[in-house]
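The structure is shown first.

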Amino acid sequence: MADLVADFLIKRINEWGYKRIFGFPGDGINGIIGAIQRAGDKIDYVQTRHEELAAFMACAHSKFTGEVGICLATSGPGAIHLLNGLYDAKMDHQSVVAIVGQSARSAMGGSYQQEVDLISLFKDVARDYVHMCTVPAQVRHLVDRAFRIAISQRCVTCLIFPNDVQELEAVETPPRAHNTIHSGLGYSQPHIIPKDEDLRKAADVLNAGKKVAMLVGAGALQAIDEVMEIADLLGAGVAKALLGKAVLPDDLSYCTGPIGLLGSKPSWDMMTECDTLLMVGSSFPYSEFLPKEGQARGVQIEIDPKMVSIRYPMEVNLIGDSAETLRALKPLLERKEDRSWREGIEKNIKDWWEVLEARAMNSADPINPERVFWELSSRLPDNCILASDSGSSANWFARDLKVRRGMMASLSGNLATMGPGVPYSLSAKFAWPDRPVIALVGDGAMLMDGINCLVTIADNWKEWSDPRLIIMVLANRDLNQVTWEQRIMTGDPKYVASQRVPKFDFAGYAELLGLRGIRVDKPEEIGPAWDRALASDRPVVYEAVTDPEVPTLPPHITFKEAENFMKSMIKGDPDAPGMIRGAFKDAIESFIPHKD
Ligand SMILES: Cc1ncc(C[n+]2csc(CCOP(=O)(O)OP(=O)(O)O)c2C)c(N)n1
Ligand SMILES: [Mg+2]
């Protein structure tokens, strides 16, 4: 029997099969920290340097293991710090349970120190389940429901524990009486497949199409074989939303790669020319990169009924598990004998890889960021795990890295927040200490939270059976992704006071921490430096001194965007001479301007 409420909380978490908690202490959770200490090795507690990092790591734990990620923070400021990471999890549909402290019950409502209305604060991010424990008999059902809802709904739930409650005597079994709740453990995912008649309707649409395009997202990560089989039957090309990068190997002849602002030209061409769209497990947001309304007949496979037919008006919505639904659909599909559509896509993809290679090899001052990714691509170790941040790195992560089967790759897809790259990669190492992990991060994001997280890496890496964790930093001294967005989308020149990133010696800092630091500022050193990093006996910071004037352009340039860009130059962009001379010209020539 557990002694105190906090001990029972920890015991029940164990009974759900979990032991890793990412957290940071404070007097709002002293009782819980005490219970964690008493639990010994039943809990694997990871102290992060900031509560936001704990929430990012919990999100990544869910992404890279399929399990629930758990984060813990104190009342008031600690709880507030969790929020961004929790929203990242919520928006990418990850299962995370947040546990936070609160002022004592006797002080609540008294504008007490660190007293924040936590139920209201978490009401949006944990809208499926946020509750406060006010008496010990609640603990069992609060934990049971928080876990079951987080798992089954793939969402964030939150439990709030006033600090005095944590130290009350535990009640493991509520009395058999009125007003008590008697909950149990466990959840097992049901088979969810659409009705036969809906499968038939979908098959009719797909069989009638002559030019089928597929788009797959994170919801298809467990349906790799099925996606390949169906794409083959339909003679389709397959584009991947960012979170679905690991669904298909990038060297498949019919994989058009990424879509959207960070996308590829083959994906763009396929979507603008197809007559049928099959979307599987994706909520990719940008409709302008999908077919024009009316151009294509649409079928969507999606587990969450809330997410169907919102990006494109679908003719058939199949609510179901991706793999099972595709398997059920397969016998109803006729193999397309005319392969000319598929062949056209394959030719386009082949050309595109050549364009990407040529772009990567363009000279830049001092080195071209795209080449850093290009050179990594062929060196990616089997089974590696990739985590990108939100910045220009996300472009090159999406376009230039050829992932292979068995790898995992993620980033903040829907929130697109800065900051997750390093904590995601660290969380991946805790979950998979035997696999190489690579984070791809900008200097802005490094200075936001990455360098703090490096301290935790330095403190833990000796425990890992494979110590390889490489943090690649694009040291471009710029908040580059946004600088380009300002030029292309609003026609504004670079505003140095807002966009400049101060100089920081990332490689030197790594060495200071006992890690390996490698600074690369010559193109011919990029590849050999990757070789050294990948052979390292300890985590590495690979600092790539890259040119901020290499454009992160969308896959097609509209006239409006080209016009905005020219305006930003005329208005006196401080980097104009370099850009006009350099890579922009080559890059713009590789895209066909579209008049829309
Ligand atoms: C928390 C947060 N703040 C601001 C942004 C807007 N934003 C997106 S990318 C970016 C620049 C990132 O700079 P850096 O990390 O240096 O990467 P770079 O683009 O320079 O490679 C900014 C400011 C964001 N997405 N998230
Ligand atoms: Mg930068």
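## Metal site

In this predicted model, asparagine 476 and aspartate 478 are both buried. Each of these residues also supplies a donor to the magnesium ion (ligand 2): Asn476 through OD1 and Asp478 through its O atom. Asp443 coordinates the ion as well, through OD, and the distances run from 2.1 to 2.2 Å.

Along the chain, the donors of the magnesium ion (ligand 2) are spaced as D-x32-N-x1-D.

## Ligand 1

Ligand 1 is surrounded by 16 residues, and the closest are Ser392, Asp443, Gly444, Asp478 and Asn480.

For aspartate 443, a polar side-chain atom is 2.8 Å from an oxygen of the ligand. For asparagine 476, an N or O atom of the side chain lies 3.0 Å from a ligand oxygen. Aspartate 478 takes part through its backbone, with a polar atom 2.7 Å from an oxygen atom of ligand 1.

## Second largest pocket

The second largest pocket holds about 570 Å³ of space. Helix H4 (77-91) and helix H6 (139-153) are the elements that give two or more residues to its lining. H4 provides the largest share, three residues.

In total, 25 residues line the second largest pocket. His93, Gln153, Arg154, Asp304 and Lys306 lie nearest its centre. Sorted by class, the lining consists of twelve nonpolar, six polar and seven charged residues.

Terms used
Residues numbered from 1 in each chain as written. Chains lettered and ligands numbered in written order. Predicted model: local features only at pLDDT ≥ 70, side-chain atom pairs only at ≥ 80, totals over all residues. Heavy atoms only, no water. 1 Å grid on protein atoms, 1.4 Å probe; cavity = no way out; pocket = protein on both sides within 12 Å on 5 of 7 lines; lining within 4 Å. Points joined across faces, edges and corners; volume = space filled by probe spheres on them. Helix = DSSP H or I, 4+ residues; strand = E, 2+ residues; numbered from the N terminus. Nonpolar A, V, L, I, M, F, W, Y, C, P; charged D, E, K, R; others polar. Donors = N, O, S within 2.8 Å, 3.2 Å for Na, K, Ca; no water. Buried < 20%, exposed > 50% of the residue type's maximum accessible area, 1.4 Å probe, protein only. Near = heavy atom within 4 Å. Polar contact = N/O pair within 3.5 Å; in protein donor to acceptor, adjacent residues only side chain to side chain.
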